[in-house]
Amino acid sequence: MPTTIPHPILMKIMNRVFLIGNLGHEPELRESENGQYFARLNVATHRYIGKGEDRQEEVQWHNVYAWGKTAETCCAHLSKGALLFVEGEVRQIQTSKKSENSSPMTIVHAHQIRFLKTNKGRTLDNFGPARNHDAVAHR
């Protein structure tokens, strides 16, 4: 009986998320129990279902967490409605360590956030020199 040899690239496990969406509320800088700064960004993405007159927009909300300098940069430059590109990974976190009834929450742990358009009149091009000239906030 022949055996199948898995392709080396297919054997790698990958957890990567790419989102382009609008910020649903003002980001807020917080400090974790271990002293790290983070910001929770509520990002909306859209897709369309159906065709013609039956076509409807579906909005999906994503909890995106940014850490350290990325979180500080997001809080300084973003406001509700800003258009973002987020690259990160899916993670499960506990909502509260103190409660026995806490349930896991699915989040996107951001590795990189690019500001495509902010409501503060800034776009990617007028933030000044950034790493690789195409990114504003990195982990």
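**Close-up views of a predicted model**

**View 1. Arg55 lies over the face of Tyr48, at 4.1 Å from the ring centre.** A charge counts as sitting over a ring if NZ of Lys or CZ of Arg is within 6 Å of the ring centre and within 35 degrees of the ring normal. This is a predicted model, in which local features need pLDDT of at least 70 and side-chain atom pairs count only at pLDDT 80 or more, while totals for chains, interfaces and linings use all residues. Residues are numbered from 1 along each chain as its sequence is written, and side-chain values use heavy atoms, with hydrogens and water left out.

**View 2. Strands β3 and β4 run antiparallel and are joined by twelve bridges.** Helices (H or I, at least four residues) and strands (E, at least two) are DSSP runs, numbered from the N terminus. Two strands pair if DSSP finds at least two bridges between them. Arg40 has Tyr65 of β4 opposite. The hairpin of β3 and β4 has six residues between the strands, and Gly50 in this hairpin takes a positive phi near 90°.

**View 3. Strand β2 (residues 28-31) is joined to strand β3 (residues 37-49) by four bridges, and the two run antiparallel.** Opposite Leu29 stands Ala39 in β3, and opposite Arg30 stands Phe38 in β3. Five residues lie between the strands of this hairpin, where Gly35 takes a positive phi near 90°.

**View 4. Ser32 is in the loop between β2 and β3.** Is Ser32 buried or exposed? With a relative accessible area of 17%, Ser32 is buried. Buried means under 20% relative accessible area, exposed over 50%, and partly exposed in between (1.4 Å probe, protein chains only). The side chains of Ser32 and Asn34 make a polar contact (2.3 Å). A polar contact is a pair of N or O atoms within 3.5 Å; within protein, one must be able to donate a hydrogen and the other to accept it, and residues adjacent in sequence count only if both atoms are side-chain atoms. Leaving out residues up to four places away in sequence, Ser32 touches Phe38 and Trp67, where contact means heavy atoms within 4.5 Å.

**View 5. Phe38, Tyr65 and Trp67 form one aromatic cluster.** Rings of Phe, Tyr and Trp (its six-membered ring) pair if their centres lie within 6.5 Å; planes under 30 degrees apart count as stacked, over 60 as edge-to-face and the rest as tilted. By this rule the count is three aromatic pairs. The ring centres of Phe38 and Tyr65 are 5.9 Å apart and the planes are at 25°, so this pair is stacked. Phe38 belongs to strand β3 and Tyr65 to strand β4, so the pair ties together parts that are 27 residues apart in sequence. Phe38 counts as buried at 12% relative accessibility, and Tyr65 is buried with a relative accessible area of 10%.

**View 6. Strand β1 is joined to β5 by six bridges, and the two run antiparallel.** Asn22 has Leu83 of β5 opposite. Two bridges join β1 to β3, also antiparallel. In β3, Ala44 stands opposite Asn22 and Val43 stands opposite Leu23.

**View 7. Val64 is among the residues that touch the most other members of the largest nonpolar core, which has 18 residues.** Such a core is a set of buried Ala, Val, Leu, Ile, Met, Phe, Trp, Tyr and Cys residues joined through side-chain atoms within 4.5 Å. Not counting residues up to four places away in sequence, the contacts of Val64 include Leu19, Leu41, Val86 and Val108.
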